[in-house]
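This briefing walks through a few features of the structure shown below, one topic at a time.

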Amino acid sequence: MSLLTVEDLKVSFPGTDAVRGLSFSVDAGQCVAIVGESGSGKSVTARALVGLAGDNAAVTAKSLRLGEKDLLRLSPSQWRSVRGRDVGFVLQDALVSLDPLKTIGSEIAEALTQHVSLPHVQVRQKVIDLLSSVGIPDPQERIGQFAHQLSGGLRQRALIASAIAASPALLIADEPTTALDVIVQAQVLDLLRDMKAKGTGLILISHDLAVVASLADHIIVLKDGVVVETGTPERIFTDPQADYTRALLAAIPSASTRGKKLALDTSSQALSEPSPRADKPALEATSLIKRLGKRLVVDRVSIELRTGETLGLVGASGSGKTTLARLLLALQSPDEGEVLLKGALWSRLTESERRRLRPRIQLVSQDPLGSFDPRYRVIDIIAEALELAGLPKNAWNARATELMAWVGLSDQHLPRRPRQLSGGQRQRVAIARALAMEPEILICDEPVSALDVSTQAQVLDLLDDLKKKLGLTILFISHDLGVIHHVSDRVLVMHAGRIVEEGPVEEVFANPRDAYTRDLFAAIPRIPEASAFRQHNLSRSNHVGSDIRPISA
Amino acid sequence: MHIARELFIRILAGAAVLWAAASLAFAVLQLFPSDPVQVIYGADSSVTPELRAAIRADFGLDQPVLVQYQRFVTRIAQGDLGISYQQRRTVASIIGSEIGSTLTLASLAVLAAVAMAFLASLLTAGRPGLLRRALSSFELLSVSTPVLWVGILLLTFFSFQWQLFPVVADAGWRSLVLPVATLSIAVFGSLSQVMREEMDRALEQPFILTARTRGLSEWAIRWKHALGHALIPAITISTETFGGLLAGSIVTEQVFGRPGLGRITLEAITNHDIPVVMGIVLFVAFVFVALNILADLLYRLVDPRLRVSSR
């Protein structure tokens, strides 16, 4: 019998239908992945399964059963005994999904004592056991630490430990690795795979098909609350039926998409070769050092950004990428070393001397919402930049219209405020603002990390178009190796403040010399080739462990 | 020990603030037009030059300004606030005899306000409804009504109309009820508004959803997770208000005819009793410095992210 059976699940909020008829079942030791972009209803589904869709949500289904329990008929207190005990739930980012004021030990103990009555000493021991079972070293010490004191990977493990504390038979993981860099992501996915092997039923929710590829036994592709495709990973990846699934697969940037458009609404013809390079580097940094206390955030970094190229800078969170970007932009001064702009003084100038040169080098950041004044309309945001660029006021409207067209927006967007735009539209506005200064160099710091894969595809295509059209030089910073591989001519790998690898993108990806780079590339989640599935199926097994709590009636 | 060093630095900084406050007060008083001798002897009496000189020597007023300043600072550093011109008692004993009454009033008022604000935000944060709207309206009313007016209203109804509580101060807890209510209503308004807003925000956070997925009850979620996040602003507002009440409950003390710091401040100013004014200024500065250090320590206790020494 299935662990969880969902038949024709519908969730609606006043004015919108978030989920419109979803059916699936999960067995012990099986993983069902629900994949979709934001607004597809995947998270709402996850929440509805634990009765937390919200007070204003109407949840209906033909059948919604967890073991013997009919979830449609539970009272609030019965729901509480299901949550945590029968179903564990892991959210995206443990930094905000664990109470920042509580130690991880007390968070895990809370999940435990809510359902199991244990003497105090045993609770502590059990928490320590849980911490080590999810692979947290020195659990005795970690138990008294707070989420902010742990690395991203460790705190995500702690969050998982709290979800499995009462040994639930079913674990729902809603984007459990999205905030993590690839190496840590691979470790967390391994942990989930272990739990699956021990017999836990798993519902994995993600926007990323590549992430679920290695773990899922069954994939459901969701769009606007409707199932567009469902099947085994083998079928979905090798023979996708729905256009949307094909578009999703095509939109994932990787080695094979280089030089091609990602978004399918434009034809996927190969684009013209990159423009020839001038000799003088657009931006040049020599032996940059930046300290934070005793730590070297940027450690003797020398880079050369050649005119007309896209230089990819890749590294895990905390590797110093963003600090390096700030040094290059001369928003911070280096402790040692210097930055030259077009061979001329840049980092050593005073800010007032630099100000007239600032238009030449512009920044596009990850979170445009945070970089816009929320009270400004799009036209005000653009006008501010145009004023700084020294354009006469009577030319603003025409120029704003032109900029909007460049980034694929129209005049209609000009009177809107940032909050009234989608994430992709906001990023387009941020790009338009940067272009308003007529820059030669664009520093893009994780410009697509907050976007859905199909929106990401559009923005990457847009940047590529603009680069060719305007002859831009781009430093593209990302933790996403697929994105870097897709956009870059040359690539730099940054680790612990240092550049550990540098070279043409194909060469670095094909033949990484540095150990860290090799680890990094090995951890990239990949959509397996058709031949890999036969192997994969053989090794798939469904043994049921004994420490999983059976669902009591 | 990071925290001890941190604390030491804070105390040093506090001492610097006190020294600055004392110096400023000293400087201002040099410009003050009144003659201390007249204040000491009363404005009407005529004083012989010999007596005048004797008094001036007695209070050290015959010395050059710098010497006076040096003596003043040395005295203050030893905790000696000097002697009142009028009452011929030490300033410390004057403040000491009145502080108890003010301290009782201020502590009870802040405690009552904090308790009410806790309860109000626990009950209404994250929940639309009649209770929330009623409380919000009450808070708005309380922050926008002058303390004087609240005091008079309470007196009118509870003392004159229904005669539940005494009109003027006597001993016993009954005379405390109305002044405490007056002040705590004012404090409650702003405190509750801010605390509920913080709790509203906390309840939207993902860690609350995580707690719900563990099967915690609504009450447990509020009590164990959301409340802690409202504590930082609660500490800021209540320590600041407490300091303010110690120094400035003048209106309330006057309305209810209570003894206290407010009353002696008023008297000292009208009578030009400079040492008492100085003493109160320094005392209040001291209280604020101490409360600030206390608040900083409490922040660390509440929020581990503020513990700098933590790894």
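This is a predicted model: local features need pLDDT of at least 70, side-chain atom pairs count only at pLDDT 80 or more; totals for chains, interfaces and linings use all residues.

A residue is called buried if 20 or more other C-beta atoms lie within 10 Å of its own, and exposed if 12 or fewer do.

**A buried leucine in chain A**
- L463(A) belongs to helix α18 of chain A, which covers residues 453-470.
- Because 23 other C-beta atoms lie within 10 Å, L463(A) counts as buried.
- Although L463(A) and V407(A) are 56 residues apart along the chain, their C-alpha atoms are separated by 8.6 Å.

**Where chain A touches chain B**
- The contact draws on 22 residues from chain A and 20 residues from chain B.
- On the side of chain A that touches chain B, at least two residues come from each of α2 (76-82), α3 (94-97) and α4 (104-113) of chain A.
- Sorted by class, that side of chain A holds 10 nonpolar, seven polar and five charged residues.

**The two domains of chain B**
- Chain B is assigned a domain 1 (2-77) and a domain 2 (100-303), and the C-alpha centres of these two domains of chain B lie 34 Å apart.
- In chain B, 14 residues of domain 1 are in contact with 12 residues of domain 2.
- On the side of domain 1 of chain B that touches domain 2 of chain B, α1 (2-30) and α2 (36-41) of chain B each supply at least two residues, and the largest share, nine residues, comes from α1(B).
- By class, this side of domain 1 of chain B has 11 nonpolar, two polar and one charged residues.

Methods: Residues are numbered from 1 along each chain as its sequence is written. Chains are lettered from A and ligands numbered from 1 in the order in which they are written. Two residues are in contact if their C-beta atoms, placed from the backbone, lie within 7 Å. Helices (H or I, at least four residues) and strands (E, at least two) are DSSP runs, numbered from the N terminus. Ala, Val, Leu, Ile, Met, Phe, Trp, Tyr, Cys and Pro count as nonpolar, Asp, Glu, Lys and Arg as charged, and the others, Gly among them, as polar. Domain bounds come from an automatic or database domain assignment.
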